[in-house]
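Biologist: I would like to learn how to read a protein model. Could we take it feature by feature?

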Amino acid sequence: MVPFTLLGSAQVTLIASITLITVPLPAIQHEFGLDQGELALLSSAYGLTFGGLLLLGGRLADRLGARRVFVTGMALLAAASAFGALASGPAVLLGARFAQGVGAALAAPAAVALVTRLHPEGRERARALAVWGTLSVTGAVAGSLLSGVVAAVLSWRWSFLIPAVVAAVTVAGAARLPSAPAQAASPLDWPGALLATVGLVVFSHGLLATRADVVVAGLALSAGFVAWQARAAAPLLPLRLVRDPRRGAALLVVFVTAAASATGTFMLSLYFQQVRGMTPISTSLAFLPFLLVVAMGPVSVRFVARFGVRRVTVAGLALAAVSMLLLGRIGPDTPYAGQLLAGLLIFPVASGLAFSGATVTALDDVPPVDAGVAGGLVTTAMEVGPTAGLAVLVALAGARADAVRTSGLSAAGAAAEGYGFALAALAPAFLLAAALVAVAFPRSGPRPVPEGPITEGVTK
């Protein structure tokens with residue numbers, strides 16, 4: 001397996017593992033007798049450790065060598081997934097889910113660092129990153145589609161066996177990845193790592209549990225992390241990486257697009273099953289248009305080559321706003337072959353363009369010494385976005401449904417109205433991000449990407 005394909009397969013698997021257990025959750029709940037709180041914790045455990053440890057994982061990749069940390073993370077993911085598949089009780093299953101997230105937090109930023117090491121500069125690097133930018137949303141789509149098939153055809157335990165097999169194959173092929181010596185640098189910033197990890201975990205948990213006091217505590221810890229980074233001799237996250245307005249705008253694009261992708265899939269899954277009465281496998285089939293994102297890697301490369309990252313990113317965000325407005329018009333009897341299908345077709349194209357342009361810009365001109373932590377920063381935005389988006393938009397959907405229900409609307413109609421209102425609320429967020437990109441991104445963008453098929457340098 002060529003290096004870029006191996007790393008790309010790992011990235012898709014890391015993101016797919018977040019949603020692979022979404023549809024099979026009722027079966028897990030029935031087998032182990034879990035209540036709603038325990039089920040919510042099981043669902044969010046992977047994301048909590050994944051998002052909370054990404055910056056630490058990125059800095060470990062920089063300090064210890066990206067290939068070593070990548071292999072360690074994927075091996076941990078394989079072992080944890082195997083334990084989850086064989087779990088005899090809920091405690092083992094929950095522990096496996098947390099451990100999966102730890103492995104992903106080590107592997108994901110190391111994979112980005114390895115991609116930048118394969119293509120250290122110039123046009124091939126930009127082209128590789130444009131393709132890389134579509135892989136996370138590809139993973140999210142793959143996880144959502146596979147989860148329905150797993151729930152309908154196989155045991156929920158296959159939701160853990162699939163990433164175990166892919167991770168094991170990836171570890172077996174890791175010898176083909178570029179090696180990098182450990183850096184002889186100052187000691188790791190453990191206080192910063194603790195503040196970053198605990199702050200993100202507390203903040204995310206507060207959002208998921210709708211606890212304002214916990215959210216405030218998480219924000220306070222995160223503020224403490226920023227203050228510590230400003231004075232630390234060897235910071236976990238050099239603040240110069242986030243002071244660049246281009247990079248800040250790119251991270252916002254990743255955050256908003258990831259939030260919309262995860263929240264849209266979540267709400268539409270509930271809409272199809274609860275409002276329309278569709279089966280899990282029919283729900284998965286309804287999301288088939290999202291597979292368009294698989295083609296967006298090479299398409300985005302050509303668009304970036306011709307129009308530059310600024311125009312491509314703005315166009316992707318504008319199309320995403322259109323998609324959310326279309327999906328926001330759903331009702332209890334909305335035909336699938338109409339505005340609903342149009343929204344489902346437009347969004348993967350839009351998100352592919354937005355992710356590609358943002359990823360190229362976020363990682364442009366990052367020195368090799370910071371490649372791992374920069375990759376961790378991008379993936380952190382991608383992980384925190386869905387958590388924050390889900391918490392805010394679920395609250396909006398619930399409030400809207402309660403408001404219209406008092407007017408005599410049926411339960412199904414109120415639920416559809418709530419979901420549509422929350423999805424439509426994402427449209428102004430995308431337009432705001434597009435305006436920020438238009439101002440912050442340079443008109444010329446990073447170095448142009450040559451047109452033509454992806455060359456050997458990107459696929460090896």
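This is a predicted model: local features need pLDDT of at least 70, side-chain atom pairs count only at pLDDT 80 or more; totals for chains, interfaces and linings use all residues.

Biologist: Which residues line the largest cavity?

Modeller: Its lining consists of Gln11, Val112, Trp132, Gly133, Ser136, Thr359, Leu363, Val378, Thr379 and Met382. Helix α16, residues 371-405, gives the most to this lining, with 3 residues. Sorted by class, the lining of the largest cavity has 5 nonpolar, 5 polar and no charged residues.

Biologist: What about pockets? How much space lies in the second largest pocket?

Modeller: The second largest pocket holds about 490 Å³ of space. Its lining has 20 residues, and those nearest the centre of the pocket are Leu200, Ser222, Leu377, Thr380 and Val384. At least two lining residues come from each of the helices α9 (190-208), α10 (212-231), α12 (245-275) and α16. By class, the lining of this pocket has 17 nonpolar, 3 polar and no charged residues.

Biologist: Now the rings. How many aromatic pairs does a search of the whole structure find?

Modeller: A pair of aromatic rings is described by the distance of the centres and the angle of the planes. Here the search finds 9 aromatic pairs. Take Tyr46 and Phe50: their ring centres are 5.6 Å apart and their planes are at 85°, so this pair is edge-to-face. The angle decides this because planes over 60 degrees apart count as edge-to-face.

Biologist: Where do Tyr46 and Phe50 lie?

Modeller: Both are in helix α3, residues 36-64, and they are 4 residues apart, about one turn of the helix. Tyr46 has a relative accessibility of 0%, so Tyr46 counts as buried. Phe50 is buried too, with a relative accessible area of 0%.

Trp156 and Phe160 are edge-to-face, with 6.1 Å from centre to centre and 80° between the planes. Trp156 is buried at 5% relative accessibility, and Phe160 is buried with a relative accessible area of 1%.

Biologist: Which residues form one aromatic cluster?

Modeller: Tyr271, Phe272, Phe287, Phe290, Tyr336 and Phe347 do.

Biologist: Next, charges. To how many salt bridges does the count come?

Modeller: Side chains of opposite charge can pair when their charged atoms come close. In this model the count comes to 7 salt bridges. One of them links Asp62 and Arg59, whose closest N and O atoms are 3.1 Å apart. Both residues lie in helix α3, 3 residues apart, about one turn of the helix.

Biologist: Are Asp62 and Arg59 buried or exposed?

Modeller: Asp62 has a relative accessible area of 5%, so Asp62 is buried. Arg59 counts as buried at 4% relative accessibility.

Now take the salt bridge between the side chains of Asp213 and Arg211, at 2.8 Å from N to O. Asp213 has a relative accessible area of 46% and is therefore partly exposed. Arg211, at 41% relative accessibility, also counts as partly exposed.

Biologist: Let us finish with single residues. Is Phe83 buried or exposed?

Modeller: Phe83, in helix α4 (residues 66-85), is exposed, with a relative accessible area of 56%. Leaving out residues up to four places away in sequence, Phe83 touches Val92 and Ala96. Phe83 and Ala96 are 13 residues apart in sequence and 6.1 Å apart in space, C-alpha to C-alpha.

Biologist: What does Thr257 touch?

Modeller: Thr257 lies in helix α12 and counts as buried at 1% relative accessibility. Not counting residues up to four places away in sequence, Thr257 touches Leu317, Phe347, Ser351, Ala354, Phe355 and Phe430.

Conventions:
Residues are numbered from 1 along each chain as its sequence is written. Side-chain values use heavy atoms; hydrogens and water are left out. On a 1 Å grid over the protein atoms alone, a cavity is a set of points where a 1.4 Å probe fits but cannot get out, and a pocket is an open set with protein on both sides within 12 Å along at least five of seven lines; lining residues have an atom within 4 Å of a point. Ala, Val, Leu, Ile, Met, Phe, Trp, Tyr, Cys and Pro count as nonpolar, Asp, Glu, Lys and Arg as charged, and the others, Gly among them, as polar. Rings of Phe, Tyr and Trp (its six-membered ring) pair if their centres lie within 6.5 Å; planes under 30 degrees apart count as stacked, over 60 as edge-to-face and the rest as tilted. Buried means under 20% relative accessible area, exposed over 50%, partly exposed in between (1.4 Å probe, protein chains only). Grid points are joined across faces, edges and corners, and a volume is the space filled by probe spheres set on the points. Contact means heavy atoms within 4.5 Å. A salt bridge is a side-chain nitrogen of Lys or Arg within 4 Å of a carboxyl oxygen of Asp or Glu.
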